[in-house]
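Please take me through this model in the viewer, stop by stop. Tell me what to select next and what is there.

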Amino acid sequence: MSESLQTEPRAFLATCPKGLEELLADELRALGAEPIKTTVAGVHFQGDLAAAYRACLWSRLANRIVLCQVREEGIESPDSLRQAVTTVDWARHLRAGASLAVDFHGRSEQIRHTRFGAQTVKDGVVDALQTAGRPRPDVDLKDPDLRLYANLHRGRLTLGVDLSGESLHRRGYRRDVGHAPLKENLAAALLLRAGWQERLRAGEHLVDPLCGAGTLLIEAALMAADMAPNLSRVRFGFHGWAQHDEALWAELKREAEARSSIGRKRCRNRLFGFDQSPPALAAAKANAMRAGIPALVTFKGASLEQLQRPDELDEAARGLVIANPPYGERLGELPELVALYAELGEGVRRAFPGWRLAVFTGNPDLGHRIGLRADKQYSLKNGPLDAKLLLMNVTPAAGADSPVTAEGPVRSEGAQMFANRLEKNRKRLKKWLKQSGETCYRLYDADMPEYALAIDVYDDRVHVQEYAPPRSVNADQAQKRLFDALQVIPEVLGIDSSRVVIKRREKQSGKEQYRKQASTGERFQVREGRARLWVNLRDYLDTGLFLDHRPVRRMLAEMAPGTRFLNLFCYTAVATVQAALGTEEAGGASDSISVDLSNTYLEWARDNFALNGLDPARHRVVRDDCLRWLETARAQFDLIFLDPPTFSNSKKMDGTLDVQRDHGRLLALAMARLAPGGTLVFSNNQRRFQLDPGLAERYAVQEISAKTFDPDFQRRPDLHHCFLIRHREGA
């Protein structure tokens, strides 16, 4: 290539993740380019070919470097797009016999699919080549000789030769990525925003206490060693470009290699990565080896609780602590994350007073749990997620803003009031729990309106249900109180935060149904009276054990000896287990049938039966609509438990079930299966339920709701309603 073509100023586009545009413009300027303007996720710049090559080699922030050939307005139709493409002399860019691919981004009213847009651009290139007497090129979408970049946004077309090839964020060192890794160019941007380059020059050090696969540390080490991030890349997009200047490229690469060799030898900054996951540390070490900087980074196994200043650093050493902790995209992850962010703050203050802390999080409310005040923050994108980089000084001594004191983590006034209420409730229930031997109970049920939670203890685990706040409640305040509670619960109960599970209970309406929450299959055994039972706190909104019905099940066990027992809407058939086990003195039901529509719950019921040694030949489960089953059943039962849902619109049912509307028909069908002298126990959780007055005229009805609440549920006397229903004598 002639010297004039080397030095000729050209128009380029550098693309990047959203939010990095200004940083990228500064970087391009430092590389000898002239930024013209920033656009969304990109910077237009001018420069010679050397500037473009340097950008491909040295840019820590860009995704692609595009040599622009078309920048045109008013492109809406396929014809106008194709015509714009044909204005370029593509024979100057594509060697004879070379393959081609087009990456198309954007849309218009008439071009609605990227594949169609790419095809139209390709057709325009073919037209131009054939006009120049060149044959049609082959298309190779995976590994083309030349890749074109096209972007159409609001009628504005940018089209050019992609000089980078594979996205520049893929440095090549990261084959072992660990869980949810940062992209390399985003990691570099976080370091730049956190002032790492200035700290490098000041001789400071860097620590990542949650290093995972090591991306932040490796990018920091590349900066510390003055290494071009894409120095080890074998092929760039320009290698298949007809105007590629190999001599110029070789010169720039030799310069980068020399700088790298000198930079690694001169680097005196120390970089440390900590993680408690052995696989993550193994991946980080392998990634650092491939990046060519294994000697610059020290990886150590440690949890946040074990975090301490490395022995290699003296007390006067200063630097940057940077972390990308998990964000908690799913509600169920929050209990552990609230504790993790608090531990991060505690660990950093303990080990690195006087340092600077940078935390990148998609949940700034969790960031507040660190206990340090951010004096700067930057909004960025992590893929599709909105995230923030929080920058804060690590204060060296406990003070008003400290997250910890000698007595433990500092609590807000509201959190302390909530903790006091939990302690009060524990004290109130202590005697009853000791006498009853119950290990599964409700500790708290929205006692304080600001903390609208139901908290249930299952042995050494805790199930938290957040009642969705009404629209009148500020969402940020509700979130803060939830985090307060999730901080306090493990502390008060003396358990690890990993044993706290949280769900949100929304008010259901219309055809909405509670859905499966997760698929962990994580279940464990608990005891209730004589029964052993399987519960699952994570996968479903409910756990397999309705705690408020404990007294009703106890009553059934006392009534059941020698009876034929029927359990309608049996759920996980805990009531059947209790009835079948009965009492130590009198035994249990002679046989039973448990009916439900859900295969999942019936399998759960069978597992509960097996766990308690119940004979499946005597204690059967039946999958059916309870109404339909009652209409065709002929057997009679001495004891029936009927506990329908408040509302159901299961697809397996012929219609819907509304307990207030339908209980009369349901009870009439059930009473037809009740043997003379038998008892039907009818229960439901419709808060405002009113029993049909006509039923009391037809049957002997006794409401016993007030007697069916143990001390842990006596605050909520409307939580369920319970009735004993029998045939009238002589009827």
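Select Cys211 and show its sulfur. The closest cysteine sulfur belongs to Cys267, 18 Å away, so the two are too far apart for a bond. A disulfide here means a pair of cysteine sulfur atoms within 2.5 Å. By that rule, the count comes to zero disulfides.

Go on to Cys440. Cys440 is in no disulfide either; the nearest cysteine sulfur, in Cys570, is 20 Å away.

Now colour both cysteines by accessibility. Buried means under 20% relative accessible area, exposed means over 50%, and partly exposed lies in between (1.4 Å probe, protein chains only). Cys211 has 6% relative accessibility, so Cys211 counts as buried. Cys440 is buried too, with a relative accessible area of 3%.

A word on the model before the next stop. This is a predicted model: local features need pLDDT of at least 70, side-chain atom pairs count only at pLDDT 80 or more, and totals for chains, interfaces and linings use all residues. Residues are numbered from 1 along each chain as its sequence is written, and side-chain values use heavy atoms, with hydrogens and water left out.

Next, select residues 626-632. This is helix H18, and Leu627 lies in it. Helices (H or I, at least four residues) and strands (E, at least two) are DSSP runs, numbered from the N terminus. Leu627 has 13% relative accessibility, so Leu627 counts as buried. What is Leu627 in contact with, leaving aside its neighbours within four places in sequence? Select Leu657, Arg665, Leu666 and Leu669. Contact means heavy atoms within 4.5 Å. Asn612 and Leu627 are 15 residues apart along the chain, and their C-alpha atoms are separated by 29 Å.

Zoom out to the whole protein chain. Its secondary structure comes to 20 helices and 31 strands. Its C-alpha atoms fill a box of roughly 115 × 65 × 45 Å along the principal axes. The radius of gyration is 34 Å, whereas a compact globule of 731 residues would have one near 27 Å. That radius is taken over C-alpha atoms, and the globule rule is 2.2 Å times the number of residues to the power 0.38.

Of the 731 residues, 54% count as buried.
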